[in-house]
Amino acid sequence: MLISIGAENLDSGVGVYAPDAESYTLFADLFNPIIEEYHVGFGPSDKHPPKDFGNQYREMEEKVSTTLQGMSGELKGTYYPLTGMDKATQQKLIDDHFLFKEGDRFLQAANACRYWPTGRGIFHNDNKTFLVWANEEDHLRIISMQKGGDLKQVYKRLVDAVNIIESRLPFSHDERLGFLTFCPTNLGTTIRASVHIKVPKLAKNKDQLEAIAARYNLQVRGKC
């Protein structure tokens, strides 16, 4: 199962997934070189620094939805289970660009789409600036977002939410690797930052744009 994604999809960026936390230890000879290359020099003897910011599908969803529906203040919102979702709610989430779908060939090859849509769901706050995906790829994908350039506010919202969720639902953490994720490319802080910016001249030349991004260990996603 670990390498089935790469065996079936030769264009996969990494080609492996970790189906459980023990995989990173049990199959260390496989994962360590990949982690070291992708995370730019994070070798087998390195350890993730201490955090400073504060599986079953149905069981996990119940824990997640209960925790999220207990949010208050700015984070207060609604949880939408994919199972039994009506067309109106589905269209609403599609229009907001919140809805994730089944069918990713990499996740299918890793056997990560079993029993779909059982145990999957989406939460967002009333202001639609805080979003959580349950059991799409990882158990949780926590998102803070908004228009404009106030990165401090976006980050503070994320940290506040993470601290609340973790106080009720402890995350899987390893002393060396940091927080553990399904895909080894997201190990560590598990934080991924992205911005939508207009660079019309660079965007005209895809190869040049990606070369510049690669120079700074960045990735180009979703070009218009």
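Guide: Keep in mind that this is a predicted model.
Visitor: Where does Ile3 sit?
Guide: Ile3 is in the segment before helix 1, which spans 4-8.
Visitor: And is Ile3 buried or exposed?
Guide: Ile3 has 51% relative accessibility, so it counts as exposed; the cut-off for that class is over 50%.
Visitor: OK, switching to pockets. What's the volume of the second largest pocket?
Guide: The second largest pocket comes out at about 150 Å³.
Visitor: Which residues line the second largest pocket?
Guide: Its lining is Leu82, Met85, Lys87, Gln90, Leu99, Phe100, Lys101, Glu102, Trp116 and Pro117. Sorted by class, that lining has 6 nonpolar, 1 polar and 3 charged residues.
Visitor: Is the peptide bond from Trp116 to Pro117 cis or trans?
Guide: Cis, with omega near 5°. Pro117 itself is in the loop between helix 6 (105-109) and strand 2 (121-125).
Visitor: Backbone next: what's up with phi at Lys128?
Guide: Lys128 isn't a glycine, yet its phi is positive, about 60°. You'll find Lys128 in the loop between strand 2 and strand 3 (130-134). Its relative accessibility is 33%, so Lys128 counts as partly exposed.
Visitor: How about phi at Asn135?
Guide: Asn135 also isn't a glycine and has a positive phi of about 60°. Asn135 lies in the loop between strand 3 and strand 4 (140-144).
Visitor: Why does Asn135 count as buried?
Guide: Because its relative accessibility is 3%, and buried means under 20%.

Conventions:
Residues numbered from 1 in each chain as written. Predicted model: local features only at pLDDT ≥ 70, side-chain atom pairs only at ≥ 80, totals over all residues. Heavy atoms only, no water. 1 Å grid on protein atoms, 1.4 Å probe; cavity = no way out; pocket = protein on both sides within 12 Å on 5 of 7 lines; lining within 4 Å. Points joined across faces, edges and corners; volume = space filled by probe spheres on them. Nonpolar A, V, L, I, M, F, W, Y, C, P; charged D, E, K, R; others polar. Helix = DSSP H or I, 4+ residues; strand = E, 2+ residues; numbered from the N terminus. Buried < 20%, exposed > 50% of the residue type's maximum accessible area, 1.4 Å probe, protein only.
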